[in-house]
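Please look over the structure shown here before reading the briefing below. The notes are grouped by topic.

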Amino acid sequence: MTGNTDTAVPTAEVQSLELNSEAKNLAQNITPWDVEGAVVDGKAQPIDYNMLIEKFGTRKIDAAILERFEKVTGHKPHMLLRRGVFFSHRDLAGILDRHEQGKPFYLYTGRGPSRDHMHIGHMLPFMFCKWLQDVFDVPLVIQLTDDEKFLFKPKLTLDEVYANSAKAVHELAAMGFRPEKTFIFSNMDYMGGAFYRNILSISRSITFNQAKATFGFDNSSAIGRIHFPSIQAAPAFCSSFPEIFGTRKDIPCLIPCAIDQDPYFRLTRDVAQPLKHKKPSLIHSQFLPALQGITSKMSSSIDSTAVFMNDTPAQIKNKINKYAFSGGQTSLEEHRQFGGNPDVDVAYQYLTYFLEDDEEVAQLADGYRKGEISTGEMKARCIKVLQEFIGEIQERAKSVSDQLLADLQNPSFPRKFASLDKK
(Lines give C-alpha, C1' and ligand atoms only; values in the text may rest on other atoms or scores of the structure.)
Protein backbone atom coordinates (compact mmCIF):
# COMPACT_ATOMS: atom_id res chain seq x y z
CA MET A 1 0.00 0.00 0.00
CA THR A 2 1.20 3.48 -0.76
CA GLY A 3 -1.09 5.37 1.59
CA ASN A 4 -3.31 8.37 1.05
CA THR A 5 -0.72 10.79 -0.33
CA ASP A 6 1.31 10.76 -3.52
CA THR A 7 3.98 8.41 -2.15
CA ALA A 8 4.30 5.51 -4.58
CA VAL A 9 7.65 3.79 -4.13
CA PRO A 10 9.84 4.44 -7.21
CA THR A 11 11.14 0.91 -7.62
CA ALA A 12 12.65 1.77 -10.97
CA GLU A 13 14.92 4.24 -9.19
CA VAL A 14 15.94 1.71 -6.55
CA GLN A 15 16.71 -1.29 -8.71
CA SER A 16 19.00 -2.89 -6.15
CA LEU A 17 16.03 -3.28 -3.83
CA GLU A 18 13.99 -5.20 -6.39
CA LEU A 19 13.62 -8.94 -6.08
CA ASN A 20 14.87 -11.22 -8.79
CA SER A 21 11.85 -12.82 -10.38
CA GLU A 22 13.40 -16.24 -9.80
CA ALA A 23 14.09 -15.56 -6.12
CA LYS A 24 10.77 -16.83 -4.80
CA ASN A 25 12.16 -18.18 -1.53
CA LEU A 26 15.40 -17.05 0.06
CA ALA A 27 16.68 -17.38 3.61
CA GLN A 28 17.47 -14.32 5.69
CA ASN A 29 21.10 -13.28 5.26
CA ILE A 30 22.74 -11.00 7.83
CA THR A 31 26.49 -10.40 7.65
CA PRO A 32 28.72 -7.37 8.33
CA TRP A 33 28.44 -6.52 4.60
CA ASP A 34 24.97 -7.71 3.57
CA VAL A 35 21.61 -7.33 5.26
CA GLU A 36 18.81 -9.15 3.47
CA GLY A 37 15.51 -10.27 4.93
CA ALA A 38 13.98 -13.58 3.88
CA VAL A 39 11.89 -13.91 0.73
CA VAL A 40 8.79 -16.08 1.01
CA ASP A 41 6.71 -16.79 -2.12
CA GLY A 42 8.41 -13.88 -3.82
CA LYS A 43 7.59 -11.39 -1.06
CA ALA A 44 10.32 -9.71 0.97
CA GLN A 45 9.96 -10.21 4.72
CA PRO A 46 10.97 -7.98 7.65
CA ILE A 47 14.19 -8.87 9.45
CA ASP A 48 13.47 -11.63 11.99
CA TYR A 49 15.40 -10.44 15.05
CA ASN A 50 14.30 -13.35 17.22
CA MET A 51 15.84 -15.67 14.67
CA LEU A 52 19.10 -13.71 14.89
CA ILE A 53 19.15 -14.04 18.67
CA GLU A 54 18.81 -17.80 18.27
CA LYS A 55 21.29 -18.07 15.39
CA PHE A 56 23.98 -15.89 16.96
CA GLY A 57 23.46 -17.24 20.48
CA THR A 58 22.85 -13.86 22.10
CA ARG A 59 20.36 -12.95 24.83
CA LYS A 60 17.25 -10.83 24.52
CA ILE A 61 17.13 -7.57 26.48
CA ASP A 62 14.11 -8.22 28.66
CA ALA A 63 12.22 -6.32 31.34
CA ALA A 64 14.38 -7.81 34.10
CA ILE A 65 17.67 -6.46 32.73
CA LEU A 66 16.09 -3.06 32.01
CA GLU A 67 14.89 -2.94 35.61
CA ARG A 68 18.37 -3.85 36.83
CA PHE A 69 19.90 -1.20 34.56
CA GLU A 70 17.71 1.48 36.11
CA LYS A 71 18.43 0.25 39.63
CA VAL A 72 22.21 0.15 39.14
CA THR A 73 22.56 3.45 37.25
CA GLY A 74 19.72 5.48 38.75
CA HIS A 75 18.67 6.43 35.23
CA LYS A 76 15.58 5.50 33.26
CA PRO A 77 16.76 3.41 30.28
CA HIS A 78 17.37 5.36 27.08
CA MET A 79 14.44 5.45 24.65
CA LEU A 80 16.32 3.13 22.28
CA LEU A 81 16.47 0.58 25.10
CA ARG A 82 12.88 1.13 26.25
CA ARG A 83 11.55 0.65 22.74
CA GLY A 84 13.58 -2.43 21.89
CA VAL A 85 15.79 -0.82 19.24
CA PHE A 86 18.72 -2.17 21.25
CA PHE A 87 17.25 -5.62 21.71
CA SER A 88 20.02 -8.16 22.28
CA HIS A 89 23.21 -8.45 24.30
CA ARG A 90 26.21 -10.50 25.34
CA ASP A 91 27.01 -10.24 29.06
CA LEU A 92 25.48 -6.83 29.71
CA ALA A 93 24.90 -8.06 33.26
CA GLY A 94 28.66 -8.31 33.76
CA ILE A 95 29.09 -4.64 32.86
CA LEU A 96 26.34 -3.67 35.30
CA ASP A 97 28.11 -5.74 37.97
CA ARG A 98 31.35 -3.83 37.39
CA HIS A 99 29.62 -0.48 37.57
CA GLU A 100 27.90 -1.49 40.79
CA GLN A 101 31.26 -2.51 42.24
CA GLY A 102 33.00 0.67 41.07
CA LYS A 103 35.25 -1.25 38.67
CA PRO A 104 36.30 0.28 35.35
CA PHE A 105 35.14 -0.50 31.86
CA TYR A 106 35.02 1.48 28.63
CA LEU A 107 32.84 1.86 25.56
CA TYR A 108 33.91 0.93 22.04
CA THR A 109 32.04 1.51 18.80
CA GLY A 110 32.95 2.42 15.24
CA ARG A 111 32.07 3.73 11.84
CA GLY A 112 32.94 2.48 8.39
CA PRO A 113 33.34 5.71 6.36
CA SER A 114 31.99 4.61 2.99
CA ARG A 115 30.90 8.12 1.98
CA ASP A 116 31.38 11.72 3.00
CA HIS A 117 28.39 12.03 5.35
CA MET A 118 26.61 9.66 7.67
CA HIS A 119 22.91 8.91 7.38
CA ILE A 120 20.52 8.93 10.31
CA GLY A 121 20.85 5.17 10.79
CA HIS A 122 24.57 5.58 11.45
CA MET A 123 23.75 8.01 14.25
CA LEU A 124 21.99 5.44 16.45
CA PRO A 125 25.03 3.82 18.12
CA PHE A 126 26.61 7.25 18.62
CA MET A 127 23.43 8.71 20.16
CA PHE A 128 23.33 5.73 22.47
CA CYS A 129 27.07 5.82 23.25
CA LYS A 130 26.89 9.49 24.17
CA TRP A 131 24.12 8.75 26.63
CA LEU A 132 25.92 5.69 28.06
CA GLN A 133 29.11 7.69 28.41
CA ASP A 134 27.28 10.37 30.39
CA VAL A 135 25.46 7.82 32.58
CA PHE A 136 28.52 5.69 33.41
CA ASP A 137 31.25 8.37 33.11
CA VAL A 138 33.59 6.08 31.18
CA PRO A 139 36.03 6.44 28.27
CA LEU A 140 34.81 5.85 24.72
CA VAL A 141 36.97 4.78 21.78
CA ILE A 142 35.61 5.15 18.24
CA GLN A 143 37.31 3.21 15.47
CA LEU A 144 37.04 4.59 11.93
CA THR A 145 37.54 1.58 9.66
CA ASP A 146 38.71 3.40 6.56
CA ASP A 147 40.93 0.42 5.76
CA GLU A 148 37.92 -1.91 5.75
CA LYS A 149 36.00 0.30 3.34
CA PHE A 150 38.98 0.35 0.99
CA LEU A 151 39.20 -3.45 1.13
CA PHE A 152 35.49 -4.19 0.78
CA LYS A 153 34.39 -1.35 -1.55
CA PRO A 154 36.47 -1.77 -4.73
CA LYS A 155 35.34 1.56 -6.21
CA LEU A 156 36.70 3.59 -3.29
CA THR A 157 40.27 4.87 -3.26
CA LEU A 158 42.52 5.22 -0.23
CA ASP A 159 42.29 9.01 -0.47
CA GLU A 160 38.49 8.89 -0.54
CA VAL A 161 38.06 6.68 2.52
CA TYR A 162 40.62 8.71 4.44
CA ALA A 163 38.80 11.94 3.59
CA ASN A 164 35.53 10.34 4.64
CA SER A 165 37.07 9.52 8.02
CA ALA A 166 37.97 13.16 8.58
CA LYS A 167 34.40 14.22 7.82
CA ALA A 168 33.05 11.58 10.19
CA VAL A 169 35.15 13.05 13.02
CA HIS A 170 33.62 16.45 12.33
CA GLU A 171 30.06 15.07 12.54
CA LEU A 172 30.89 13.15 15.72
CA ALA A 173 32.35 16.26 17.32
CA ALA A 174 29.09 18.05 16.54
CA MET A 175 27.23 15.39 18.55
CA GLY A 176 28.96 16.62 21.69
CA PHE A 177 31.75 14.10 22.20
CA ARG A 178 34.56 15.65 24.22
CA PRO A 179 38.27 14.73 24.07
CA GLU A 180 38.44 14.37 27.88
CA LYS A 181 36.33 11.22 27.52
CA THR A 182 36.59 10.25 23.86
CA PHE A 183 39.34 9.04 21.51
CA ILE A 184 38.47 8.81 17.80
CA PHE A 185 41.00 7.17 15.51
CA SER A 186 41.43 6.24 11.88
CA ASN A 187 42.94 2.79 11.44
CA MET A 188 45.14 4.24 8.71
CA ASP A 189 46.61 6.70 11.23
CA TYR A 190 46.70 4.69 14.46
CA MET A 191 48.16 1.45 13.12
CA GLY A 192 51.31 0.58 15.05
CA GLY A 193 52.53 0.27 18.61
CA ALA A 194 50.41 -1.57 21.18
CA PHE A 195 47.40 -1.54 18.84
CA TYR A 196 49.29 -3.39 16.10
CA ARG A 197 50.83 -5.80 18.60
CA ASN A 198 47.33 -6.84 19.66
CA ILE A 199 46.29 -7.17 16.02
CA LEU A 200 49.20 -9.56 15.46
CA SER A 201 48.33 -11.63 18.53
CA ILE A 202 44.69 -11.86 17.47
CA SER A 203 45.50 -12.69 13.85
CA ARG A 204 47.71 -15.58 14.96
CA SER A 205 44.88 -16.90 17.15
CA ILE A 206 42.22 -17.07 14.41
CA THR A 207 42.55 -19.68 11.69
CA PHE A 208 41.40 -19.30 8.10
CA ASN A 209 38.83 -22.02 8.71
CA GLN A 210 37.36 -20.02 11.60
CA ALA A 211 37.25 -16.85 9.53
CA LYS A 212 35.74 -18.72 6.58
CA ALA A 213 33.04 -20.30 8.74
CA THR A 214 32.21 -16.99 10.44
CA PHE A 215 32.31 -14.61 7.47
CA GLY A 216 31.92 -16.81 4.39
CA PHE A 217 35.35 -16.07 2.94
CA ASP A 218 36.53 -18.33 0.12
CA ASN A 219 39.65 -18.86 -1.95
CA SER A 220 38.88 -15.80 -4.07
CA SER A 221 38.66 -13.44 -1.06
CA ALA A 222 41.35 -10.78 -0.90
CA ILE A 223 43.89 -11.50 1.82
CA GLY A 224 43.25 -8.07 3.35
CA ARG A 225 39.60 -8.95 3.90
CA ILE A 226 40.51 -12.19 5.61
CA HIS A 227 42.89 -10.37 7.95
CA PHE A 228 40.57 -7.47 8.73
CA PRO A 229 38.56 -9.13 11.58
CA SER A 230 41.69 -9.02 13.75
CA ILE A 231 41.83 -5.23 13.23
CA GLN A 232 38.23 -4.68 14.29
CA ALA A 233 38.78 -6.97 17.28
CA ALA A 234 41.84 -5.15 18.65
CA PRO A 235 40.05 -2.09 20.17
CA ALA A 236 38.10 -4.52 22.38
CA PHE A 237 41.37 -5.09 24.29
CA CYS A 238 42.19 -2.22 26.60
CA SER A 239 45.95 -2.61 26.14
CA SER A 240 45.49 -1.32 22.57
CA PHE A 241 45.23 2.13 24.18
CA PRO A 242 48.21 2.50 26.54
CA GLU A 243 47.72 6.28 26.69
CA ILE A 244 44.38 5.67 28.45
CA PHE A 245 44.79 2.32 30.20
CA GLY A 246 48.54 1.89 30.54
CA THR A 247 49.64 -1.74 30.43
CA ARG A 248 46.48 -3.12 32.02
CA LYS A 249 44.69 -6.04 30.38
CA ASP A 250 41.88 -6.46 32.90
CA ILE A 251 39.46 -3.72 31.78
CA PRO A 252 36.60 -4.97 29.58
CA CYS A 253 34.56 -2.93 27.14
CA LEU A 254 30.91 -2.65 26.20
CA ILE A 255 30.31 -2.46 22.45
CA PRO A 256 27.06 -0.92 21.22
CA CYS A 257 26.66 -1.91 17.57
CA ALA A 258 24.17 -3.16 15.00
CA ILE A 259 23.53 -6.90 15.17
CA ASP A 260 25.33 -7.50 11.84
CA GLN A 261 28.65 -6.67 13.53
CA ASP A 262 28.31 -9.46 16.10
CA PRO A 263 30.35 -12.06 14.13
CA TYR A 264 33.50 -9.98 14.60
CA PHE A 265 33.10 -10.00 18.33
CA ARG A 266 32.12 -13.65 18.67
CA LEU A 267 35.62 -14.39 17.43
CA THR A 268 37.05 -11.69 19.70
CA ARG A 269 35.40 -13.26 22.73
CA ASP A 270 36.81 -16.66 21.71
CA VAL A 271 40.41 -15.43 21.70
CA ALA A 272 40.24 -12.90 24.55
CA GLN A 273 40.95 -15.16 27.51
CA PRO A 274 43.77 -17.14 25.84
CA LEU A 275 45.37 -13.74 25.16
CA LYS A 276 44.83 -12.77 28.83
CA HIS A 277 42.24 -10.06 28.14
CA LYS A 278 38.67 -9.67 29.31
CA LYS A 279 35.90 -10.71 26.95
CA PRO A 280 34.03 -7.74 25.49
CA SER A 281 30.33 -7.32 26.23
CA LEU A 282 27.95 -6.28 23.48
CA ILE A 283 24.58 -4.63 23.10
CA HIS A 284 22.99 -4.96 19.66
CA SER A 285 20.63 -2.69 17.79
CA GLN A 286 18.12 -3.34 15.08
CA PHE A 287 18.58 -1.70 11.68
CA LEU A 288 16.94 1.58 10.78
CA PRO A 289 14.65 0.72 7.86
CA ALA A 290 15.21 2.08 4.39
CA LEU A 291 12.69 4.67 3.24
CA GLN A 292 11.17 2.02 0.99
CA GLY A 293 10.10 -0.19 3.90
CA ILE A 294 10.99 -2.39 6.84
CA THR A 295 12.25 -5.28 4.70
CA SER A 296 15.62 -3.60 4.10
CA LYS A 297 17.97 -1.31 5.98
CA MET A 298 18.97 2.24 5.17
CA SER A 299 22.00 2.24 2.87
CA SER A 300 24.66 4.84 2.10
CA SER A 301 25.07 3.48 -1.40
CA ILE A 302 21.49 4.28 -2.50
CA ASP A 303 20.59 7.92 -1.94
CA SER A 304 16.85 7.45 -2.21
CA THR A 305 16.79 4.90 0.64
CA ALA A 306 18.39 7.24 3.16
CA VAL A 307 18.24 10.58 4.95
CA PHE A 308 21.75 12.01 5.30
CA MET A 309 23.18 14.31 7.92
CA ASN A 310 23.96 16.95 5.28
CA ASP A 311 20.45 16.94 3.79
CA THR A 312 18.66 20.28 3.78
CA PRO A 313 15.19 20.71 5.34
CA ALA A 314 13.73 20.69 1.83
CA GLN A 315 15.54 17.46 0.93
CA ILE A 316 14.36 15.79 4.13
CA LYS A 317 10.78 16.82 3.40
CA ASN A 318 10.97 15.61 -0.18
CA LYS A 319 12.49 12.24 0.72
CA ILE A 320 9.93 11.47 3.41
CA ASN A 321 6.97 12.59 1.30
CA LYS A 322 8.16 10.92 -1.90
CA TYR A 323 9.85 7.72 -0.73
CA ALA A 324 8.76 6.76 2.80
CA PHE A 325 6.60 3.66 2.61
CA SER A 326 3.19 4.10 4.19
CA GLY A 327 1.12 1.75 6.31
CA GLY A 328 -2.02 3.65 5.38
CA GLN A 329 -4.89 2.78 3.08
CA THR A 330 -5.13 3.64 -0.63
CA SER A 331 -7.43 6.61 -0.02
CA LEU A 332 -8.09 9.00 2.84
CA GLU A 333 -11.69 7.79 3.04
CA GLU A 334 -10.59 4.17 3.46
CA HIS A 335 -7.91 5.22 5.94
CA ARG A 336 -10.48 6.99 8.10
CA GLN A 337 -12.67 3.88 7.97
CA PHE A 338 -10.13 1.08 8.40
CA GLY A 339 -7.08 2.80 9.89
CA GLY A 340 -3.43 2.16 9.11
CA ASN A 341 -0.60 -0.08 10.29
CA PRO A 342 2.17 1.83 12.10
CA ASP A 343 4.27 -1.33 12.32
CA VAL A 344 5.12 -1.04 8.61
CA ASP A 345 4.79 2.73 8.27
CA VAL A 346 8.30 4.12 7.80
CA ALA A 347 7.52 7.64 9.02
CA TYR A 348 6.15 6.23 12.26
CA GLN A 349 9.07 3.85 12.61
CA TYR A 350 11.53 6.74 12.33
CA LEU A 351 9.62 8.57 15.07
CA THR A 352 10.18 5.60 17.40
CA TYR A 353 13.93 6.12 16.91
CA PHE A 354 14.10 9.90 17.16
CA LEU A 355 11.07 11.22 19.10
CA GLU A 356 11.80 11.20 22.84
CA ASP A 357 8.22 11.55 24.15
CA ASP A 358 6.88 8.04 24.89
CA GLU A 359 3.33 9.30 25.30
CA GLU A 360 3.29 11.03 21.93
CA VAL A 361 4.76 7.98 20.21
CA ALA A 362 1.99 5.82 21.69
CA GLN A 363 -0.69 8.35 20.74
CA LEU A 364 0.58 8.51 17.15
CA ALA A 365 0.41 4.72 16.81
CA ASP A 366 -3.07 4.54 18.35
CA GLY A 367 -4.38 7.41 16.24
CA TYR A 368 -2.96 5.90 13.06
CA ARG A 369 -4.53 2.50 13.74
CA LYS A 370 -7.90 4.19 14.30
CA GLY A 371 -7.60 6.31 11.16
CA GLU A 372 -7.63 9.51 13.17
CA ILE A 373 -4.10 10.37 12.02
CA SER A 374 -3.50 10.31 8.27
CA THR A 375 -0.38 9.30 6.41
CA GLY A 376 0.23 12.94 5.52
CA GLU A 377 0.02 13.97 9.18
CA MET A 378 2.34 11.16 10.26
CA LYS A 379 4.87 12.15 7.60
CA ALA A 380 4.63 15.80 8.59
CA ARG A 381 5.49 14.94 12.21
CA CYS A 382 8.38 12.76 11.08
CA ILE A 383 9.71 15.51 8.80
CA LYS A 384 9.66 18.03 11.64
CA VAL A 385 11.47 15.71 14.06
CA LEU A 386 14.18 14.79 11.55
CA GLN A 387 14.65 18.39 10.42
CA GLU A 388 15.17 19.43 14.04
CA PHE A 389 17.54 16.54 14.81
CA ILE A 390 19.69 17.03 11.72
CA GLY A 391 19.48 20.82 11.84
CA GLU A 392 20.73 20.94 15.42
CA ILE A 393 23.80 18.85 14.58
CA GLN A 394 24.46 20.86 11.42
CA GLU A 395 24.33 24.07 13.46
CA ARG A 396 26.72 22.72 16.09
CA ALA A 397 29.06 21.52 13.35
CA LYS A 398 29.63 25.14 12.31
CA SER A 399 31.39 25.85 15.60
CA VAL A 400 33.58 22.73 15.68
CA SER A 401 37.17 23.96 15.78
CA ASP A 402 40.28 22.44 14.28
CA GLN A 403 41.67 22.20 17.80
CA LEU A 404 38.72 20.12 18.99
CA LEU A 405 39.13 17.78 16.03
CA ALA A 406 42.84 17.42 16.79
CA ASP A 407 42.21 16.78 20.49
CA LEU A 408 39.60 14.09 19.81
CA GLN A 409 42.15 12.26 17.63
CA ASN A 410 45.14 12.77 19.90
CA PRO A 411 45.89 9.51 21.74
CA SER A 412 47.93 11.41 24.33
CA PHE A 413 45.25 13.95 25.22
CA PRO A 414 44.75 13.77 29.03
CA ARG A 415 41.90 11.38 29.75
CA LYS A 416 41.64 10.72 33.49
CA PHE A 417 38.94 8.60 35.13
CA ALA A 418 38.78 7.83 38.82
CA SER A 419 37.39 4.34 38.17
CA LEU A 420 40.58 3.38 36.31
CA ASP A 421 42.41 3.42 39.62
CA LYS A 422 40.35 0.45 40.80
CA LYS A 423 40.98 -3.16 39.90
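Helices (H or I, at least four residues) and strands (E, at least two) are taken as DSSP runs and numbered from the N terminus. The model is a predicted one, in which local features need pLDDT of at least 70 and side-chain atom pairs count only at pLDDT 80 or more, while totals for chains, interfaces and linings use all residues. Residues are numbered from 1 along each chain as its sequence is written, and side-chain values use heavy atoms, with hydrogens and water left out.

**Backbone: positive phi**

- Lys276 is located in the loop between α13 (262-272) and β11 (281-285), and Lys276 has a positive phi of about 65 degrees although it is not a glycine.
- Buried is used here for under 20% relative accessible area, exposed for over 50%, and partly exposed for values in between (1.4 Å probe, protein chains only); Lys276, at 64% relative accessibility, counts as exposed.
- Asp91, which is not a glycine either, has a positive phi of about 60 degrees, and its place is the loop between β6 (86-90) and α4 (92-101).
- With a relative accessibility of 40%, Asp91 counts as partly exposed.

**Salt bridges**

- A salt bridge is counted when a side-chain nitrogen of Lys or Arg is within 4 Å of a carboxyl oxygen of Asp or Glu, and a search of the whole structure finds 22 of them.
- Glu356 forms a salt bridge with Arg82, in which the closest N and O atoms are 3.4 Å apart.
- Because Glu356 lies in the loop between α16 (346-354) and α17 (358-370) while Arg82 is in helix α3 (residues 79-82), the pair ties together parts that are 274 residues apart in sequence.
- Glu356 is partly exposed, with a relative accessible area of 48%, and Arg82 is partly exposed as well, at 26% relative accessibility.
- Glu356 and Arg82 also belong to a network of salt bridges that links them with Lys76, Arg83 and Asp358.
- Asp137 forms a salt bridge with Lys181, the closest N and O atoms being 3.2 Å apart.
- This pair links distant parts of the chain, given that Asp137 is in the loop between α5 (123-136) and β8 (140-144) and Lys181 is in the loop between α7 and β9 (182-186), 44 residues apart.
- Asp137 is partly exposed with a relative accessible area of 40%, and Lys181 is partly exposed with a relative accessible area of 23%.
- Asp343 and Arg369 meet through their side chains in a salt bridge of 3.5 Å, N to O.
- Here too the pair links distant parts of the chain, with Asp343 in the loop between α15 (332-338) and α16 and Arg369 in helix α17, 26 residues apart.
- Asp343 counts as partly exposed at 45% relative accessibility, and Arg369 is partly exposed with a relative accessible area of 43%.

**Nonpolar cores**

- In soluble globular proteins, nonpolar side chains tend to be buried together.
- A nonpolar core is defined as a set of buried Ala, Val, Leu, Ile, Met, Phe, Trp, Tyr and Cys residues joined through side-chain atoms within 4.5 Å.
- The largest nonpolar core has 78 residues, and those with the most contacts inside it are Leu80, Ile120, Met127, Ile320, Tyr350 and Phe354.
- The largest share of this core, ten residues, is contributed by α5.
- When neighbours within four places in sequence are left aside, Leu80 is in contact (heavy atoms within 4.5 Å) with Val85, Phe86, Leu124, Met127, Phe128 and Tyr353.
- Another core, of 36 residues, lies apart from that one, and its members include Ala233, Ala236, Ile251 and Leu420.

**Cysteines**

- With a disulfide taken as a pair of cysteine sulfur atoms within 2.5 Å, the count comes to zero disulfides.
- The sulfur of Cys238 is 8.8 Å from the closest cysteine sulfur, that of Cys253, which is too far for a bond.
- Cys238 counts as buried at 0% relative accessibility, and Cys253 is buried with a relative accessible area of 0%.
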